[in-house]
Amino acid sequence: MARSVIDVSGLPTYAFGSRVTPWWGTFSFCLLEGTGFALGIGGYLYLAVTNKDWPKDAVPLSLLWSALFTLVLVISALPNFLIKRAATRESLRSVRLLLLIMSAVGLVLIGLRIMEFSALPVRWSDNAYGSFVWLLLGLHGVHVLTDVADTLVLTVLMFTRHGTGKRFSDAEDNAFYWYFVVLSWFPLYAVLYWLPRF
Amino acid sequence: MSPAVEERHETRDTDLGDEELRVRLSKTWGSARGLIGILSTVDHKIIGIRYAVTAFVFLLAGGIMAIIMRLQLARPDSHLVDAELYNQLFTMHGTTMMFLFGVPVGEAFAVYLVPLMVGTRNIAFPRLNAFSYYVYLFGGLMLWGGFALSIRPDVGWFSYVPLANLNFTPGKGPDYWAQMITFTEVAALAVSVEIVVTVLKQRAPGMTLDRIPLFVWTLLVHSFIIIFAMPAIMLASSMLIMERLVGTQFFNPDAGGDPLLWQHLFWFFGHPEVYIIFLPGTAFVSAIVATFSRRPVFGYLPMVLSLIAIGFLSFGLWVHHMFVTGLPEIGAAFFTASSMAIAIPNGVQIFCWIATLWDGKPVLKTPLIFVLGFFFIFVAGGLSGVMLASVPIDTQVHDTYFVVAHFHYVLIGGTVFPLVAAVYYWFPKVTGRLMDERLGKWQFFLAFTGFNITFFPMHLLGLHGMPRRVYTYPAETGWGGLNLLASAGALLFFASFLLMLYNMIASARSGALAGDNPWGADTLEWATSSPPQPQNFDRIPCVTSGSPLWDQGDHKAVVGGLKVDERELVVTSLTEARPDIREESPAPSIWPFLAAFATAAAFIGSIYTPWAVTWGSPVVAILLVAWFWPKTIEENV
């Protein structure tokens, strides 16, 4: 049987963005986690519409810690963008520095979220509104926590002998996921903090 | 590193002859022996077989539950089992069939076949794949282990609140149920992500979007449905367990909650779930109809568009499970319309298959015979489905045996008949031996008659008013005769599976040798040996048509230039499948097993104390770091 060959020996062993499989994996997880957020918000709104006591139950949450959280989160998009760029350029120095910054930002965000929880005027067991506040904040908090943990491990990794090649692609992928953590916060913020005020 | 080692390291497939290449690749991609090796394997074929065997064991277990229920119902006023045990039986039967058999068996075939059909060497994220299997296994063992220890959910496979609340159902049964959901959904979601990425990025060069086999298209749509549907049930089951364990108020109307919120979240998942279970069946049918008609499936484009339409529409139907909950009229009208609309793409598929058979030269082997059985039963189930989509009819027969008849026609007809066909069809690929045809035909006779004798009378029983989920009924109702008939049919139907089991065991030992392509099929899984080598293909094929094995003629194009001693595979572009990267596929690892074990421990522990999550998470996190941390410098380049 005749056989012709397509030569792939010159192809790279890694790349960035949507060319590589981990990007699509992360993208798929964003889709499914985003669906989880959307359904959580849907459930919250469902009760807001069907429950006649909702306005009384829905004590507005304090704007202080959440405002700080939102501010830091929005600002974090900048170093996150720079990490993506530095990773694509495979600039080890910049990636290390920016990962340190992102780790610090992440820890600050976790601290702010803890303060938020401790200042909530309603407990999860008080009423369904309280349950949803804790559920949605917790759900997003878990996302912050896991991505910060991931960032910390990646930061350590980039300071070892493994900080090379494909690991730049990992750093880029991690930055991609952080955008999801940032973007998913806005609808939650609007629903949890501003909706009860109208 | 010595120059000799360096050289060996860089050997490419183009440097070697066929025989040597096969041996070397099989060593590179193989799994180690011994317990650690068995638990570390990342070969999608081995994991796929484990998924399938586990799912079939659960099918048997769920089937035995069904038989006990049928024996109980065979005559009126029976006391073979009491009401309490009966509640546990139908709960375990439904839960097992839906979550531990129906979904995972589709995953099993996807995991085994999709990488072969798209011409790659392993599934994307193979360690996640191994992890998902162990999580599924532990979830199933937890539910059934609990059952053995008398921790038994008894509130139905949908666990409606308020019945499933702590004050009406004390004990740990519903908690085990809710955590089992989390286990199996984690597994299903992981596999879906792997399938999406495998199909989008690991197709053999030249397999453009319009050359993807219909089987693969179907499982791609199937994976997307899972990605959008399963988060609903994970969210719902987490809310239920929090309601029971830490006192949240989501479903408590006295505290601003709503029991119907549970139903909405459950059925937002629950209706797509029907398609999650059914679509792998249609994938099998597309593959089998093409092969045994000796022509590609008629209407490739309408088939793919119908699949995508089914995917979208499946999310617009969930409220038809809630017609009797008192909905606004406009809502009922909308969901009636959408429930009828989904019959259109399903109908398009059926007509395309019939057209294929009509135009082809059908060869009546066991797989095709079971597919013909599928047409009959599934269409009957679809018609009663269109009846149920109408609110007045639904209100009359809600919670009667009419509904039981309907969904068994759809689920068994739509899924189990194609599944048996698929077992006969791919068994030779997996084992290298054909199953016995004569026994296959006997099995079909038993299954088809047994199924209809069991479930057709249930339509009538439902119309006569027999409610679901009653453990017995008085003789005066006159339901005894039809129930006895249904129970006799159930025994026949059950026997057909025992016959299949015997056929599988006997054929695996001494069936006729199959060779690479015993059916003369056209897709790539038949281009490799039976069973396939660990590397799947010695040389990655290049695809130039939608039926590569029928159209390649004497000219065979392959990929060259991959390393032989490393696990390299070709990543291609999204639409045109142009070769883009030589990506390294992860090697076997014990960490996914350990991570799954720790995850299971944390989940089970959380049923007893919320602190299990707090203490379990760092352990799981450490294991995940060990899993992902590069072990050698070479992995980074």
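Student: Which distance along helix α2 of chain B, in helical turns, separates B:E20 and B:R24?

Tutor: The model is predicted. Helix α2 of chain B covers residues 18-29, and B:E20 and B:R24 are four residues apart in it. Because of that spacing, the separation of B:E20 and B:R24 is about one helical turn.

Student: How many Å apart are the closest N and O atoms of B:E20 and B:R24?

Tutor: Side chains of opposite charge can pair when their charged atoms come close. B:E20 and B:R24 form a salt bridge. In that salt bridge, the distance between the closest N and O atoms is 3.3 Å.

Student: Is B:R24 buried or partly exposed?

Tutor: A residue counts as buried under 20% relative accessible area. B:E20 has a relative accessible area of 41% and is partly exposed. B:R24 has 21% relative accessibility, so B:R24 counts as partly exposed.

Student: How many salt bridges does the rule find over all chains?

Tutor: The rule asks for a side-chain nitrogen of Lys or Arg within 4 Å of a carboxyl oxygen of Asp or Glu. Counted over all chains, the number of salt bridges is 18.

Student: Which residue of chain A meets B:D580 in a salt bridge?

Tutor: Across the interface of chain B and chain A the rule finds one salt bridge. The side chain of B:D580 takes part in a salt bridge, with N to O at 2.9 Å. The partner of B:D580 is A:R19.

Student: Is B:D580 buried or exposed?

Tutor: A:R19 has a relative accessible area of 35%, so A:R19 is partly exposed. For B:D580 the relative accessibility is 17%. The cut-off for buried is under 20%, and therefore B:D580 counts as buried.

Student: How many residues of chain B are in contact with chain A?

Tutor: The contacts can be counted on each side. Chain A gives 54 residues.

Student: About how many Å² do chain B and chain A bury between them?

Tutor: The size of an interface is often given as the accessible area lost when the parts come together. In this model 67% of the buried area is on carbon and sulfur atoms. The area that chain B and chain A bury between them is about 4900 Å².

Student: Which residues of chain B lose the most area to chain A?

Tutor: Three residues of chain B are named, and together they account for 12% of what that side buries. They are B:R582, B:W629 and B:N636.

Student: How many residue pairs are in polar contact across the interface of chain B and chain A?

Tutor: A pair is included if both residues are at pLDDT 80 or more. Across the interface, the number of such pairs is 23.

Student: Which element gives the largest share of the side of chain B that touches chain A?

Tutor: Elements that give two or more residues to this side include α7, α9 and β3 of chain B. The largest share is eight residues, and the element that gives it is α8(B).

Student: How many nonpolar residues are on the side of chain B that touches chain A?

Tutor: By class, this side of chain B has 15 polar and 14 charged residues. Its number of nonpolar residues is 36.

Student: Which element gives the most residues to the largest nonpolar core?

Tutor: In soluble globular proteins, nonpolar side chains tend to be buried together. The largest nonpolar core here has 265 residues, and those with the most contacts inside it are B:F215, B:F417 and B:W426. The element that gives the most to this core contributes 21 residues, and that element is α9(B).

Student: Is B:S192 buried or exposed?

Tutor: B:S192 lies in helix α7 of chain B. Leaving aside neighbours within four places in sequence, B:S192 is in contact with B:E107, B:S223, B:I226 and B:I227. With a relative accessibility of 0%, B:S192 counts as buried.

Student: How many residues apart in sequence are the parts tied together by B:D399 and B:R468?

Tutor: The side chains of B:D399 and B:R468 meet in a salt bridge, with N to O at 4.0 Å. B:D399 lies in the loop between α14 and α15 of chain B, and B:R468 in the loop between α16 and α17 of chain B. The pair therefore ties together parts whose separation in sequence is 69 residues.

Student: What is phi of B:D399?

Tutor: B:D399 is a residue other than glycine, and its phi is positive. The value is near 60°.

Key: Residues are numbered from 1 along each chain as its sequence is written. Chains are lettered from A and ligands numbered from 1 in the order in which they are written. This is a predicted model: local features need pLDDT of at least 70, side-chain atom pairs count only at pLDDT 80 or more; totals for chains, interfaces and linings use all residues. Side-chain values use heavy atoms; hydrogens and water are left out. Contact means heavy atoms within 4.5 Å. Buried area is the accessible area (1.4 Å probe) that two parts lose on being put together, summed over both. A polar contact is a pair of N or O atoms within 3.5 Å; within protein, one must be able to donate a hydrogen and the other to accept it, and residues adjacent in sequence count only if both atoms are side-chain atoms. Ala, Val, Leu, Ile, Met, Phe, Trp, Tyr, Cys and Pro count as nonpolar, Asp, Glu, Lys and Arg as charged, and the others, Gly among them, as polar. A nonpolar core is a set of buried Ala, Val, Leu, Ile, Met, Phe, Trp, Tyr and Cys residues joined through side-chain atoms within 4.5 Å. Buried means under 20% relative accessible area, exposed over 50%, partly exposed in between (1.4 Å probe, protein chains only).
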